[in-house]
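This report goes through a model of several chains, from the contacts between chains down to single residues. The sequence and structure come first.

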Amino acid sequence: MVVIVFEIFLLTLLVITAVGIVRSRDLFSAVMLLGLFSLQIAVIFFILDAADVALTEAAVGAGVSTVLLLGALALTSDREARPKGRRLLALGVASITALILIYASFDQPRLGDPQAPVHQHVAPWYLEQTPKQIDVPNVVTAILASFRGYDTLGELFVIFTAGIGVLFLLADGSGRGARSQLPSAEAQGLRHHLIPRVVGALLVPFIVLFGLYVQFHGDFGPGGGFQAGALVSAGVILYALIEGEASALRVLSFRALAGMIAAGALLYTGVGLAGILRGSQFLDYSVLLADPIAGQHLGIILIELGVGLTVTGVLLTIFHAFAARAQKR
Amino acid sequence: MELLGLYNYWVFPVLLMTGLYAIMSRANLIKKLIGLSMFQAAVFLLYITMDKIEGGTAPILQAGNPEQLYSNPLPQVLILTAIVVGIATLALGLAIVVRISETYGTIEEDEIQGQDAE
Amino acid sequence: MTAGLALDIGSWVLMLAGSFFVFVGGVGALRMPDFYTRMHAASLTDTLGTILILSGVILQAGLTLAAIKLAAIMVFLLLTCPTAAYALANAARLSGLSPRPEQTPGKD
Amino acid sequence: MYAATATAILVTMALALTRALLGPTIYDRVLAVNMFGTKTVLLLSVIAFLNGRPDFLDLALAYALINFIGVLAVLKFVQDYTMRHSGEERGQ
Amino acid sequence: MSSLATHLPVLQVVVPLLTAPLVFMLRQHGLAWAATTAASLCAFAVAIELSTAARGGATLVYEVGAWPAPYGIELVVDAFSALLLLMVTGASVFALLIARRSLEAEIPEQRLHLFYAAWLLALAGLSGIVVAGDAFNIFVFMEISALATYVLVAGGPRRQALPAVFRYLVMGTIGATFYLIGVGLIYMMTGTLNIADMEMRIRDVSDLRPVLVAGGFITVGLALKAAVFPLHAWLPNAYTYAPNAVTVFIAACSTKVSLYVLLRFDFVVFQGNQAGHVAQFAMFMLPLAIFAIVIASILALREANLKRMLAYSSVAQIGYILFGAGLVSATGLTGGIAHMFNHALAKGALFLAVACLATSLSATAVSDLAGAARRMPFTMAAFVIAGLSLIGIPGTAGFIGKWFIVVAALEHGVAGALLILPVLAGSLIAVLYIWRVVESAYSSPAGDMATRQEAPLPMLATLWFVVLLNVYFGLQPSLPLDLARSAAARLLLP
């Protein structure tokens with residue numbers, strides 16, 4: 001119960017942060033506050049028993065999106081002009097919509113109410129059937145990868161589309177230009193800072209290792225392909241930050257990243273089609289092996305790997321695309 | 001105390017509309033994207049709030065504890081997907097903003113419109 | 001049971017002390033007059049508070065996988081916190097932010 | 001006991017947030033963000049025990065790591081920025 | 001291949017989805033185009049196969065992953081979705097046939113393979129929305145199609161494409177998020193995400209406030225994505241500055257797919273479950289539809305830019321579709337749904353003609369078209385026929401839907417007779433704005449405009465094929481009408 005009080009406290013902080021973000025005219029501060037916003041909301045998710053979501057939100061919201069926003073700020077400007085007009089209209093629309101939603105809330109089930117409809121119909125089935133049909137402890141992974149694997153396929157292609165879009169908009173000719181560039185002073189990263197460099201270099205392998213652990217431990221604990229992809233790319237981004245983007249590109253070139261993106265997408269779709277070829281439905285893993293449960297395990301490992309590959313590839317491609325753009329300046 | 005159980009559902013619209021307010025009232029394109037991120041994050045809160053069950057724990061089954069209640073895993077799966085959608089939208093939006101800044105030299109909406117009107 | 005009780009008391013003392021330092025650090029970061037003093041307050045207590053709290057929790061966890069993970073977190077924070085603090089102070093100094101309080105720029 | 005520790009950490013988080021909102025310099029904000037991140041890691045560890053699910057400590061580790069990368073990214077940004085705008089004074 | 005036939009609903013989505021990473025890896029843009037077109041043709045063939053089945057009255061259900069329905073994700077293809085699938089895949093095929101020439105002029109060669117990959121993703125996303133039987137799955141595929149469409153529009157040759165696409169992105173995301181909030185509220189009250197299951201379970205809770213609010217959010221969110229009248233601000237510029245081939249594709253189908261989801265939700269999930277929903281729907285939608293028809297038509301009339309004029313006309317046509325739906329009768333819905341298909345044909349043909357014009361004219365303004373008919377007689381002739389179809393002249397496809405809508409309105413007696421006034425006014429204004437183009441194009445040429453310089457033959461052939469389809473479906477409207485009739489019957493099922 002006391003945890004719920006913490007949650008309420010954090011929610012209040014969250015509202016304060018949100019207002020701070022809107023009011024701040026310095027975009028750089030707004031970005032950092034957005035990082036704090038993500039951390040807070042991630043802790044709230046953790047308190048609300050959504051461990052997987054908390055991990056993802058922290059990795060994505062506080063990690064990846066902060067890095068991306070900073071990359072974009074470096075390419076544009078970090079001051080906001082004095083806002084003009086339309087504030088009353090915005091305030092009006094926002095207040096009315098908020099009031100409608102608050103009005104709706106009075107018929108909603110209370111937080112944690114075990115009688116709520118969400119806990120009655122579909123959810124118990126998942127909790128009951130997962131041990132029998134898929135047999136992994138993490139029900140979130142079971143639903144994500146198998147029961148609603150088609151959604152996750154869609155999710156993979158959403159991130160794939162974003163990767164294509166950023167490449168289309170920012171890179172000239174799928175990265176050929178970026179590789180030929182000599183590392184300029186800026187691309188050196190934080191090289192001349194000795195201590196961060198040593199500590200960072202020490203940490204990078206552990207971060208990547210941890211990412212792989214999250215990837216393959218996703219059946220048992222919080223984690224999975226997406227979180228792992230975000231963590232591994234965070235590790236490589238750290239490497240790029242301390243050693244410069246050029247060094248990071250030497251390890252994983254644009255071409256290799258593109259290969260990872262396509263391989264992941266093809267792997268996932270291929271596993272789905274294998275279900276059809278073996279005489280069942282699309283994305284049915286039970287038929288992959290003689291034993292349906294073993295088949296499910298194999299399918300889940302493979303598609304999580306596909307997700308991990310594509311996510312790592314896309315996030316790093318996006319990061320490098322922004323960085324390469326900055327060097328061209 | 002009964003009403004306190006709805007606190008999450010009140011914070012959700014407030015956050016949502018703070019985001020929408022930022023999108024509508026600010027001319028700066030990056031600020032709009034930041035508002036959009038908050039707007040989406042608020043929806044995550046709506047979904048995750050409903051997964052909570054009193055006395056429950058995260059839906060990672062514990063062997064040898066068959067009586068344990070677990071929170072609803074389904075909204076969590078949905079929100080995992082929605083988070084990915086959010087970051088994908090943000091990345092694409094930022095790429096567009098960078099291109100706008102390069103071609104127009106500004107990221108303020110009114111100045112861009114001013115340039116196009118000429 | 002006495003050993004267990006001693007362990008409990010030990011971990012409570014550690015955690016309480018840790019909480020105290022963490023809190024003091026927070027107050028310091030808020031109340032100190034300029035960036036460098038704030039940083040001084042924050043980073044030192046951060047590290048100490050972290051060690052104390054995490055050690056307290058480790059004592060509670062006993063010899064389990066959780067304790068190892070906690071130790072890993074502790075080592076990680078011990079490495080990164082001072083590094084981040086150093087890099088931050090360094091960046092601030094290089095950018096020309098003066099350590100003398102009377103010259104700190106005004107509010108945003 | 002965990003609850004008391006968690007409360008202290010939460011209050012400190014609120015203080016750090018205040019500092020992040022007040023500024024005044026960019027470095028103050030970075031400092032506050034870093035502090036906030038560390039406190040999040042601690043809070044997560046403590047709550048994991050409070051809820052009796054110590055297997056979720058992975059999350060705390062991940063947070064610690066992401067926090068560090070975030071701070072370094074911010075610093076790199078500030079450094080590049082001051083390099084590019086070396087004439088202008090940064091940090092107001 | 002009877003075993004393969006059962007997998008058609010999922011193949012509809014998977015074929016373009018699987019081709020996208022392959023195209024992404026192909027660096028040679030000719031090959032990328034060929035692969036994209038091949039995948040599109042496959043998808044078109046699948047859609048034809050599915051619509052044949054649906055015309056026979058079958059509803060195909062596919063359980064992805066072999067998990068039973070409310071737990072796993074279900075794909076459903078009935079008459080309504082089959083009609084939409086035909087539109088989406090057909091638009092993609094015809095747009096791609098002209099895309100090769102048209103895009104080479106607009107997009108740097110080394111980025112073309114990325115562009116085609118995005119095209120396939122847009123196709124897969126739109127098809128995915130149409131076949132989905134699960135509310136959240138619709139959201140996922142909506143985002144795939146939306147993100148891919150942003151990329152496609154951002155490929156436009158002029159710099160105004162970028163602010164246009166940014167606005168599209170922000171408004172599209174708000175729309176999708178509103179939809180997500182609505183789905184979340186329904187899920188909160190019913191505990192299910194499957195649309196068919198929702199329809200059953202919502203009965204017990206239909207009077208509770210969250211469900212009412214959910215209805216509002218879903219309708220507003222989708223209306224934003226469908227550019228329903230006051231929420232259409234993103235559409236004109238997005239259509240105007242997109243590459244020509246892209247305009248053909250998205251103008252023909254993307255807003256209609258959102259409308260399809262909107263009708264599905266409002267009629268299947270909320271209708272008959274919520275007391276007074278019919279009246280509410282009509283009360284909100286009819287005025288919006290009428291405003292859309294009148295105001296957007298007038299805006300189109302005042303617009304100088306040819307593509308933007310046609311874009312405003314699209315907003316007006318969405319008004320017609322909503323008008324038909326807002327009458328909440330079998331005839332009205334049939335008319336509205338048939339008009340989706342017919343308008344896709346007419347507007348597709350018009351934008352194809354614009355793409356052909358662009359091959360040898362640099363003009364974007366209606367007034368600069370002088371002499372175009374002399375320079376490109378076949379293109380302009382096609383434009384005229386397509387324009388007649390847009391206006392709704394008997395004998396063309398555009399007539400059928402409007403006729404049904406008028407008949408449906410007259411079923412309501414005197415009030416209905418008053419209601420059709422704006423519909424007729426819209427058509428009259430359409431005559432005027434199409435006439436403006438024709439007058440300008442057939443006026444005497446200036447300078448070198450007199451020399452004949454037609455669009456390349458493959459483009460012209462595609463254009464004329466679609467124009468003839470307009471005539472064919474005007475004289476022989478049984479395919480869209482059959483599908484629209486059974487779709488309307490399904491939507492009105494209590």
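## A buried serine in chain D

The model described here is predicted. Ser45(D) is part of helix 2 of chain D, which spans residues 26–50. Ser45(D) has 33 other C-beta atoms within 10 Å, and therefore counts as buried, the cut-off being 20 or more.

Leaving out residues up to four places away in sequence, Ser45(D) touches Leu54(C), Val57(C), Leu70(C) and Ile73(C) in chain C, and Leu57(D) and Ala60(D) in chain D. From Ser45(D) to Arg19(D) the separation is 26 residues in sequence and 24 Å in space, C-alpha to C-alpha.

## The contact between chains C and D

Chain C puts 42 residues in contact with 43 residues of chain D. On the chain C side, the elements that give two or more residues are helix 1 (2–31), helix 2 (35–61) and helix 3 (65–94). Helix 3 of chain C gives the most, with 14 residues. By class, the chain C side has 28 nonpolar, 9 polar and 5 charged residues.

## The contact between chains A and B

There are 7 pairs of chains that touch, and the pair with the most contacts is A and B. Here 83 residues of chain A are in contact with 70 residues of chain B. Helix 3 of chain A supplies the largest share, 13 residues. The chain A side divides into 57 nonpolar, 15 polar and 11 charged residues.

Within this contact, helix 2 of chain A packs on helix 2 of chain B (residues 29–51) at an angle of about 5°, with the axes 11 Å apart. The two helices are therefore roughly parallel to each other, as angles under 35 degrees are counted that way. From helix 2 of chain A the residues that meet helix 2 of chain B are Leu27(A), Ala30(A), Leu34(A), Phe37(A), Ile41(A) and Phe45(A). Their counterparts in helix 2 of chain B include Lys31(B), Ser37(B), Phe44(B) and Ile48(B). The contact between these helices has 13 nonpolar, 1 polar and 1 charged residues.

## Domains of chain A

The domain assignment of chain A gives domain 1 (1–84) and domain 2 (122–329). The C-alpha centres of the two domains lie 23 Å apart. Their contact takes 14 residues from domain 1 and 16 residues from domain 2. The domain 1 side has 10 nonpolar, 3 polar and 1 charged residues.

## A strand pair in chain E

In chain E, strand 1 (residues 60–63) and strand 2 pair in the antiparallel sense over 4 bridges. Glu63(E) stands opposite Glu74(E), a residue of strand 2.

In a regular strand, side chains alternate between the two faces of the sheet. In strand 2 (residues 74–77) of chain E, Glu74(E) and Val76(E) point one way, while Leu75(E) and Val77(E) point the other way. All of these residues are buried.

No contact joins chain B and chain C, and their closest C-alpha atoms lie 16 Å apart. Chain C and chain E do not touch either, with their nearest C-alpha atoms 29 Å apart.

Methods: Residues numbered from 1 in each chain as written. Chains lettered and ligands numbered in written order. Predicted model: local features only at pLDDT ≥ 70, side-chain atom pairs only at ≥ 80, totals over all residues. Contact = placed C-beta atoms within 7 Å. Nonpolar A, V, L, I, M, F, W, Y, C, P; charged D, E, K, R; others polar. Buried ≥ 20, exposed ≤ 12 C-beta atoms within 10 Å, placed from the backbone. Pairing = 2+ DSSP bridges. Domains from an automatic or database assignment. Axes fitted to C-alpha atoms, helices over the stretch in contact; angles between N-to-C directions. Parallel < 35°, antiparallel > 145°, perpendicular 65-115°, else oblique.
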